Amino acid sequence: MKKILLLVLALLLALSMAACGGGGDKDGENQPNGDGENIDADSNNGDNNNGNDNGDIIGDGLFEFSEDFLKNSLQGDYHIIYKATTYGDGESESLTMEQIKTSKGYYYKSNDDSGKLFIKNGEAYDAYEEYDGVFENTEMQYSQMMVDIMMVGITGYMNTYSAFSSQLKKSGSQTVAGRSCTEYKFDYSMPGVGKVKYVYCIDKETGVCLKFSVDAAGSVLSGHQKVGYEFECTKFQTSGVSLPAYN
């Protein structure tokens, strides 16, 4: 329960900040550059680049990934594993989430839960459940929309930065899961709550958020203890990806 509450806290802080600060430009519309002029984020959709080598930085170090960047650049296969850790009351708890996407279907697993497999069959997906390491057909089918909803546990975090977009500023570079990332930070003071620090590491090639942290140690919620949330990718594979074997 503590873990769930802290996850909810992190999301509530994110949504509150987006609402109070005006949020970000989630539709890839015009955003201000460092000189106060507007730049059309969709003007370079053909090369997913926005006019420079990184494909994300404009003006005075402002953030310039749009949702469309991620949507356009992550259309192929991938195998991604995240480790999520929450901190509170002097303790920490962790869980792992794994997701695979190929042209044949999807695989999802969270911590010790049974893995779930969705294999494309025409316009729908056949559902498989993992039993003792073996996947068996459940005789149930799901639409694409339902599968997308079930996958939101990970895909939602791939573009979690989009709620803040232009409020984030470049602070350096990091290597996460062997991939080159641009690091962005944003320190936010929430009325009645206090200071909350956000850090995002965005994969330069795909726009996937590979590392995300919320540090609420400076807030009234912390009680002078470490309170926060870290979400870090431990595997990100985009070639040679395959789904688990199934019956």
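Residues are numbered from 1 along each chain as its sequence is written, and side-chain values use heavy atoms, with hydrogens and water left out. Because the model is predicted, local features need a pLDDT of at least 70 and side-chain atom pairs count only at pLDDT 80 or more, while totals for chains, interfaces and linings use all residues.

**Confidence and overall build**

The pLDDT, which is the predictor's confidence in each residue on a scale from 0 to 100, averages 75 over the chain, and 68% of the residues score at least 70. Over residues 1-9 the pLDDT is below 50, and this stretch has 16 contacts in the model beyond near neighbours in sequence. Residues 15-59 also have a pLDDT below 50, with 90 contacts beyond near neighbours in sequence. A contact means heavy atoms within 4.5 Å. Where pLDDT is low, the predicted coordinates should not be read in detail.

The secondary structure comes to 4 helices and 15 strands; these are DSSP runs numbered from the N terminus, with helices (H or I) of at least four residues and strands (E) of at least two. Of the contacts with a separation of 6 or more, 53% are between residues 24 or more positions apart. The accessible surface of the chain comes to about 12,300 Å², and 48% of this belongs to carbon and sulfur atoms. Such areas come from the Shrake-Rupley method with a 1.4 Å probe; for residues, only the protein chains shown count as cover. Of the 247 residues, 44% count as buried, where buried means under 20% relative accessible area, exposed over 50%, and partly exposed in between (1.4 Å probe, protein chains only).

**Salt bridges**

Side chains of opposite charge can pair when their charged atoms come close. The structure holds 5 salt bridges, each defined as a side-chain nitrogen of Lys or Arg within 4 Å of a carboxyl oxygen of Asp or Glu. The table lists some of them.

| Pair | N to O distance |
|---|---|
| K116 and E129 | 3.7 Å |
| R179 and D203 | 3.0 Å |
| K197 and D187 | 3.4 Å |

K116 forms a salt bridge with E129. K116 lies in strand β8 (residues 116-121) and E129 in strand β9 (residues 124-131), so the pair ties together parts that are 13 residues apart in sequence. K116 is partly exposed at 32% relative accessibility, whereas E129 is buried at 18%.

R179 forms a salt bridge with D203. This pair links distant parts of the chain, with R179 in strand β12 (residues 179-190) and D203 in strand β13, 24 residues apart. Both R179 and D203 are buried.

K197 and D187 meet through their side chains. K197 lies in strand β13 and D187 in strand β12, so this pair ties together parts 10 residues apart in sequence. K197 is partly exposed at 41%, and D187 is exposed at 51%. Salt bridges that share partners also join R179, D203 and E205 into one network.

**A buried loop residue**

T206 lies in the loop between β13 (194-203) and β14 (209-219). With a relative accessible area of 3%, T206 is buried. Leaving aside neighbours within four places in sequence, T206 is in contact with F69, L70, S73, L74, R179 and F236. A polar atom of the T206 side chain lies 3.3 Å from the backbone nitrogen of V208.

**A nonpolar surface patch**

M145, M146 and I149 form a nonpolar patch on the surface, with about 300 Å² of accessible area together. Patches are made of residues with over 30% relative accessible area and no salt bridge; like charges are joined within 9 Å and nonpolar side chains (Val, Leu, Ile, Met, Phe, Trp, Tyr) within 5 Å. I149 lies in helix α3 (residues 144-150).

How values were computed:
Polar contact = N/O pair within 3.5 Å; in protein donor to acceptor, adjacent residues only side chain to side chain.
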